[in-house]
Amino acid sequence: MKTEKIIISFIAVAIGILVAAGAFYFYQTTKIISTSDTKSVSLSASTTPTQPPKPAVFLSIDTPKDEDVIDTKTVTITGKTNPDVVIVVTTSSNDQVITPAANGNFATTAILGSGENAIEIRAFTQNGEETKVTRTVTVSSESF
Amino acid sequence: MKKTLLLFVICYLLFVGHAQAAPTPTSAPEQSPAETQINKLKDRIASRVAELKLVERRGIIGIAAEVSDTQITITDVQNNTRFIDVDELTKFASPSAKGSFGISDIPKGNTLGILGLYNKQSRRMLARFVDILILPKIVNGAVSAVDDKKFTIHVATENKNEFFIDVETTTKTMQYTKADGLLRAGFSKIKEGERIMVVGFSDVKDKNKLLASRIIVFPEIPKNPKIVILPSQNLKETPTTATQSATKK
């Protein structure tokens with residue numbers, strides 16, 4: 001009889017601990033902080049970074065990637081720009097003047113020389129503004 | 001006594017047993033030698049794949065800023081400083097070199113083409129081939145003066161530089177219009193104030209003097225609004241005067 005009492009006491013203590021732990025967990029997850037205890041911080045205008053002015057002409061080159069190494073001397077240049085611009089692709093040995101499609105996409109091929117080549121792609125708008133992207137492409141069949 | 005012991009066991013299992021049950025690792029079954037070898041091979045392949053993903057072949061162009069026995073510092077075409085490591089496998093070449101050419105022969109300020117292995121983690125490149133390049137210069141701007149007797153032109157650029165362009169009989173002059181595209185044109189087609197692009201090689205003594213290889217004139221596209229052509233620039237100055245004024249800026 002005495003042993004049974006002890007066992008029941010232990011079980012009661014264990015259940016008590018479990019209930020207390022559950023209640024504490026429930027309290028923590030559902031706790032709401034009142035507005036009087038919170039502090040609002042507003043950012044002043046001086047700390048907000050100013051956006052740089054957007055250029056009137058944009059030019060992004062999809063291929064080739066900068067610093068690419070290829071094993072053929074022909075490279076396809078693709079990208080996107082404003083639809084009404086004139087694009088000039090210049091390599092060490094050749095120039096090409098192209099215009100993009102109505103959606104601004106353009107593609108052309110250029111012949112490169114062996115070794116490192118700098119490809120300069122420029123876009124000119126009808127009001128004279130311009131932007132430039134340079135890609136370095138290396139033609140090499142060396143394995144290392 | 002037995003009941004007391006049972007009580008302690010129950011308590012132990014209730015409080016401690018649960019905590020210890022989760023992290024207890026299950027003992028791995030013993031592997032056969034073949035399985036061990038397969039696992040080792042798998043690990044080696046995985047580490048090699050990771051290594052290959054970290055390193056890639058790249059080629060860059062830049063101007064030599066510093067050269068030491070084991071490292072070259074360059075400024076690339078995007079104006080970034082790049083560190084190039086050099087080892088005993090790196091090969092050096094120069095079009096003007098007559099004999100052997102090594103790292104100590106690279107002068108500062110020269111344009112270099114570097115092909116090697118780029119490490120994405122360290123952002124350094126291990127050079128396998130280093131070549132001195134002679135690349136043409138591209139000048140894009142507006143014609144500020146034309147001398148039809150000497151066949152020379154002045155080109156003002158966006159960054160307030162002025163280039164003196166020498167047009168030779170070998171210079172390929174083109175004109176671009178929307179209707180006709182790119183057509184061959186003569187020197188007479190170059191007019192003051194027009195947008196122009198010149199590809200040529202700099203004079204050894206004067207970097208603002210160019211010997212033109214190719215010229216494209218764009219009569220339909222206005223010049224960059226940032227380019228200001230001053231009235232004094234329209235005067236047919238001597239090349240030396242034009243160069244000096246450009247250098248002072």
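Which residues in the largest nonpolar core touch the most other members? Please then follow the contacts of one of them, and go on to the side of chain A that touches chain B and to A:Val57.

Analyst: Keep in mind that this is a predicted model. The largest nonpolar core has 63 residues. The members that touch the most others are A:Ile87, B:Ile114, B:Ile153, B:Val155, B:Ile165, B:Ile196 and B:Val198.

Take B:Val155. Residues up to four places away in sequence are left out here. B:Val155 then touches B:Ile165, B:Ile196 and B:Val198, among others. Its other partners include B:Val139, B:Gly141, B:Ala142, B:Val143, B:Ser144 and B:Phe163.

Now the two chains together. In chain A, 30 residues are in contact with 33 residues of chain B. On the chain A side, helix H1 and strands S4, S5, S7 and S8 each give two or more residues. S7(A) supplies the largest share, six residues. By type, this side of chain A divides into 11 nonpolar, 11 polar and eight charged residues.

Last, A:Val57. It sits in the loop between H1 and strand S1 of chain A. A:Val57 counts as partly exposed because it has 18 C-beta neighbours inside 10 Å, and a buried residue needs 20 or more. Leaving aside neighbours within four places in sequence, A:Val57 is in contact with A:Thr81, A:Asn82, A:Val85, A:Ala123, A:Thr125, A:Glu129, A:Glu130 and A:Thr131. Look at A:Ala123 in that list. A:Val57 and A:Ala123 are 66 residues apart along the chain, yet 7.4 Å separates their C-alpha atoms.

Technical notes. Residues numbered from 1 in each chain as written. Chains lettered and ligands numbered in written order. Predicted model: local features only at pLDDT ≥ 70, side-chain atom pairs only at ≥ 80, totals over all residues. Contact = placed C-beta atoms within 7 Å. Helix = DSSP H or I, 4+ residues; strand = E, 2+ residues; numbered from the N terminus. Nonpolar A, V, L, I, M, F, W, Y, C, P; charged D, E, K, R; others polar. Buried ≥ 20, exposed ≤ 12 C-beta atoms within 10 Å, placed from the backbone. Core = buried A, V, L, I, M, F, W, Y, C linked by C-beta atoms within 7 Å.
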